[in-house]
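Please work through the following exercises with the sequence and the coordinates open beside you.

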Amino acid sequence: MMRSTVQQRSDYTFKANRSLGRHGWLRLTPAYGVKLVEKLLSSSNTEAIILDPFSGTATTGLVAAELGYKAYSFDINPFLIWLGNAKYRNYAEDCLLDIREKVWQALKEYKSQLEQDNWTPQIFNIERWWSGYTLNVLAALRTALVEQFGEPEENDEYSVVWIAFCRLIIETSSAAFNHISMSFSETVIHHEIEYIEKLFLDILDFVLRSAEKNIMGNARVLKVDSRNIISVGNIKINKVITSPPYPNRVSYIRELRPYMYWTKFINEAKEAGELDWLAVGGTWGIATSRLNSWTIQEEDLPESIFSTVKNIRMSDGKNANLLSIYVLKYFHDMHLHLSSIRSILEDGAELHYIVGNSTFFGNMVDTAALFSDSMRILGYSKIHSEIVRKRNCNKALYEYCVSAIWSTG
Ligand SMILES: C[S@@+](CC[C@H](N)C(=O)[O-])C[C@H]1O[C@@H](n2cnc3c(N)ncnc32)[C@H](O)[C@@H]1O
């Protein structure tokens, strides 16, 4: 495809997922669109086992399970594992009725909690997120919901309530998502208590209605570090459809922080940095300072990775050395991933990686070409890449689909 004719295709991004039932439960800007996954799945045989080793909001697994496939997803973020498994489960009618009744009960009782000292998360500068009044209402509501449902837990049918609560906290916050990462509005928005209650009930209704529809297939999110995949049971995968982090210093923790604090998946800033250090391309807090002392484990990387890194290091940009290590570690970690995933691939497995390129001080980091080079060294065949869409922020930034076949013969 000629680059000049490539379009932005918002139908291939998270934006198109918002109205699509469970896919619209919670937004994550780096999520890709349902339509893209459907297209990549369309040629699969019905028995195919699908894997997404970088699950995020579980788009791949959910599309696959909705179409009747068996699917697995891997992630290292406990909140996303919890969210994905809540999206994948089937909910009995009785359970959804019970949830509605308990929420009514919580809404009756929480007003009496407003005067009390309710638990609030230790989010840095919390007053930038919510006005004192809104925070007080959210905290009282949370206390009443905990009395009815208990704290958010893995594999719990009440997770849907906490997903609705996460939507509530973000929709009542001053966070704005008008570009790739998040920013705050100038003034903290004040909401009336009636507005917050109505918003919560509307969100809950949307979530519960989409939970009513049963899923035909079967999917699970497992806690697996995809840089080091050791065989998982006897799973053998026929098709990989995924979108790993891009080498662009975007931190998932940054966008997920409010949810993760309110659901107690993280309790203090230190934990967010530790989690981002495990993430490919992680760049939050401690993850950045650790880069300085990071040493390479796998020397047998494609030469093109080392030359890209060298160009960044030699440029006169601020922190050029640190950012060159960042880029090296990113492709190093993805190489470890592409190497270790081979142990769970069926002969003839198809792989599709949606990746974005980036630039550092004018040096193009051609992610699709560097992935292809790693795949070549690792013995994959039929490697090719094509442009999927243009990203909006800069003319030279695109998303590509890098595809390959794993064959042992
Ligand atoms: C671009 S997001 C995936 C978005 C996903 N396609 C969606 O539609 O929501 C990348 C995901 O990879 C996960 N990840 C990063 N490093 C990982 C690792 N070492 N092992 C497993 N998952 C990892 C992140 O937590 C994040 O959820």
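Contact means that heavy atoms lie within 4.5 Å. The model is predicted, with local features requiring pLDDT of at least 70 and side-chain atom pairs counting only at pLDDT 80 or more, while totals for chains, interfaces and linings use all residues. Residues are numbered from 1 along each chain as its sequence is written, and side-chain values use heavy atoms, with hydrogens and water left out.

**Exercise 1.** Describe how the chain is divided into domains and how the domains meet.

*Solution.* Begin with the bounds, which come from an automatic or database domain assignment: domain 1 comprises 3-89 + 218-252 + 267-406, and domain 2 comprises 93-212. Next, take the C-alpha centres of domain 1 and domain 2, which lie 31 Å apart. Finally, turn to the interface, where 18 residues of domain 1 are in contact with 19 residues of domain 2.

**Exercise 2.** Determine how helices H1 and H2 are oriented to each other, and which residues make their contact.

*Solution.* Helices here are DSSP runs (H or I, at least four residues), numbered from the N terminus. The axes, lines fitted to C-alpha atoms over the stretch in contact, with angles running from 0 to 180 degrees between N-to-C directions, come within 9 Å for H1 (residues 34-41) and H2 (residues 59-66), and they cross at roughly 60 degrees. Angles under 35 degrees count as roughly parallel, over 145 as roughly antiparallel, 65 to 115 as roughly perpendicular and the rest as oblique; H1 and H2 are therefore oblique to each other. The contact involves Val-34, Val-37, Glu-38 and Leu-41 from H1, together with Thr-59, Thr-60, Val-63 and Ala-64 from H2.

**Exercise 3.** Characterise the surroundings of Glu-212.

*Solution.* Glu-212 is placed in helix H8 (residues 193-212), and its relative accessible area of 46% makes it partly exposed. Not counting residues up to four places away in sequence, Glu-212 touches Leu-96 and Arg-100.

How values were computed. Helices (H or I, at least four residues) and strands (E, at least two) are DSSP runs, numbered from the N terminus. Buried means under 20% relative accessible area, exposed over 50%, partly exposed in between (1.4 Å probe, protein chains only).
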